[in-house]
Amino acid sequence: MYIFYSIITLIPILALISFYLLRKWKNIFRYCIYNGIVMLLYTYVILFSGFHFFEQDLWELKKIFLFLYLIAFHAVGSFTFALFYHYKLSKKWESIKKN
């Protein structure tokens with residue numbers, strides 16, 4: 001159960017670190033808008049649509065856990081992108097400063 005709690009607490013932490021790493025990027029607003037649209041799509045398709053992902057889910061707990069894990073994987077993907085972009089950009093600036 002502690003693994004689940006740690007995954008849930010990592011979602012906002014990774015999102016904040018990602019936004020901090022991408023703060024100087026000129027397309028950060030477009031990135032935030034697209035991520036917001038993707039989150040709304042996740043919310044609608046998983047929680048509110050009539051599409052049933054599981055055959056037996058009486059209390060719809062599987063659906064809620066699927067939603068939370070999908071957001072967690074999205075946060076990890078955003079964090080990976082932010083790390084890649086930040087260090088790629090910092091490496092580019094280091095090569096310019098040395099010249």
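Reader: Which residues form a nonpolar patch on the surface here?

Author: This is a predicted model, and in it the patch is made of Leu58, Trp59, Leu61, Ile64, Phe65, Tyr69 and Phe73. Together they have about 840 Å² of accessible area.

Reader: What about Glu60, what is its phi?

Author: Start with the general idea: most residues other than glycine have a negative phi. Now the case here: Glu60 isn't a glycine, yet its phi is positive, about 60 degrees. You'll find Glu60 in the loop between helix 2 (28-48) and helix 3. With a relative accessible area of 39%, Glu60 is partly exposed.

Reader: Okay, on to helix 2. How far does helix 2 reach from its first C-alpha to its last?

Author: Helix 2 has 21 residues and reaches 29 Å, close to the 30 Å expected at 1.5 Å a residue.

Reader: And which residues of helix 2 are buried?

Author: Ile28, Tyr31, Asn35, Tyr42 and Ile46. Look down the axis of helix 2: the buried residues fall within an arc of 55 degrees, so they line one face of the helix.

Reader: Then what does the face turned away from the buried side carry?

Author: That face of helix 2 carries exposed residues: Phe29, Ile33, Tyr34, Leu40, Leu41, Tyr44 and Phe48.

Technical notes: Residues numbered from 1 in each chain as written. Predicted model: local features only at pLDDT ≥ 70, side-chain atom pairs only at ≥ 80, totals over all residues. Heavy atoms only, no water. Patch = residues over 30% accessible without salt bridge, like charges linked within 9 Å, V, L, I, M, F, W, Y side chains within 5 Å. Areas by Shrake-Rupley, 256 points an atom, 1.4 Å probe, with all protein chains shown as cover. Salt bridge = Lys/Arg side-chain N within 4 Å of Asp/Glu carboxyl O. Helix = DSSP H or I, 4+ residues; strand = E, 2+ residues; numbered from the N terminus. Buried < 20%, exposed > 50% of the residue type's maximum accessible area, 1.4 Å probe, protein only. Expected span 1.5 Å × (residues − 1). Arc of directions from axis to C-beta.
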